Amino acid sequence: MTTPLPKDPTASVREGAKDARPEGGRAATDVPLLAADALGKSYPLPGGGRHQAVDGVSFTVAPGGALGIVGESGSGKTTVARMLVGLVAPDRGTVTVSGRPRGTRPPRGRARRLARAREIQMVFQDPYLSLDPRLTSTQCLRTALRLHGRDESLAAELLDQVGLGSREADARPGVLSGGQRQRLATARALAVDPSILVLDEAVAALDVSIQAQILRLLADIRRDTGVALVFVSHDLAVVRHVTDDVLVMRHGKAVEHGPTARVLSAPEDPYTRRLLASAPREGWDPAAAADSEGRS
């Protein structure tokens with residue numbers, strides 16, 4: 001019998017997220033697992049000059065912790081996520097994992113590159129960015145496991161961990177639903193046994209009911225494996241219930257940073273207050289929110 005999903009996509013994950021500190025896998029310590037120090041990134045403009053996409057952003061994530069990065073489109077949050085995993089090289093600042101700097105260039109040697117990949121994995125909004133459309137779900141996971149020297153038989157365990165059954169195991173990404181593809185992409189990232197998962201708008205394109213399933217899955221994975229999460233999203237309701245701390249970005253800068261419960265219940269920065277005021281909720285009046293935005 002299927003349990004009905006709540007209308008609120010985050011309602012079923014609230015308690016799980018609060019108790020999602022790892023039971024096994026990686027013990028929490030006082031040493032930050034992930035640290036970003038004064039990250040900066042700019043891009044050239046067509047007419048000359050440069051656009052400062054990220055400007056002096058710093059934060060830490062504890063082992064098994066969960067950080068939300070929020071802000072409107074163009075705030076720089078995705079650029080920060082890409083710098084964390086090495087897809088974008090920062091102009092300045094450093095990213096360290098367990099106290100070890102992640103250089104701006106890929107390390108030499110296959111073994112070192114694989115070791116670096118095992119530190120941080122990314123789950124994208126569009127799962128096709130990390131899935132080979134020619135491979136079945138099982139083949140996709142076995143390929144990742146083999147590449148990193150892990151037992152290929154773990155593919156079945158990973159599929160079960162993310163709630164995919166035998167039918168999905170033999171299916172290619174093109175015939176899977178959006179939620180199933182996101183589950184597979186998550187399993188693909190977990191196949192290398194990372195310490196950190198960076199999720200960039202990983203539930204933004206999903207239906208409300210599927211969002212709830214994926215968020216419940218992430219809370220369970222975090223509790224069971226001890227993996228830390230960096231959750232990039234524009235959805236404050238999601239961030240409120242799946243993260244411990246939140247970083248609010250605007251125009252490339254961090255305008256507020258602290259415990260999620262405190263920041264989203266008693267924000268100190270005017271921009272954070274405007275974000276909260278404009279978020280849809282019960283009784284929300286979009287005209288009033290727009291008017292409030294215009295006056296601020």
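Trainee: How much accessible surface does the chain have?
Mentor: It comes to about 14700 Å² for the chain, and carbon and sulfur atoms hold 50% of that. Keep in mind that this is a predicted model.

Trainee: Okay, and what share of the residues is buried?
Mentor: The chain has 296 residues, and 46% of them are buried.

Trainee: What about secondary structure, how many helices and strands are there?
Mentor: You'll find twelve helices and ten strands in the chain.

Trainee: Which ones are buried?
Mentor: In H2 they are Lys77, Thr79, Val80, Ala81, Met83, Leu84 and Val85.

Trainee: And what comes just after H2?
Mentor: Glycine 86 does, with a positive phi of about 95°.

Trainee: Switching topic: where does valine 255 lie?
Mentor: Valine 255 is in strand S10, which runs over residues 253-259.

Trainee: Which residues does valine 255 touch?
Mentor: Leaving out residues up to four places away in sequence, valine 255 touches Val248, Arg250, Asp269, Tyr271 and Thr272.

Trainee: How far is valine 255 from valine 57?
Mentor: Their C-alpha atoms are separated by 9.5 Å, although the two valines are 198 residues apart along the chain.

Trainee: Across the chain, what share of contacts links residues 24 or more positions apart?
Mentor: Among contacts with a separation of 6 or more, such pairs account for 69%.

Terms used. Residues numbered from 1 in each chain as written. Predicted model: local features only at pLDDT ≥ 70, side-chain atom pairs only at ≥ 80, totals over all residues. Heavy atoms only, no water. Buried < 20%, exposed > 50% of the residue type's maximum accessible area, 1.4 Å probe, protein only. Helix = DSSP H or I, 4+ residues; strand = E, 2+ residues; numbered from the N terminus. Contact = heavy atoms within 4.5 Å. Areas by Shrake-Rupley, 256 points an atom, 1.4 Å probe, with all protein chains shown as cover.
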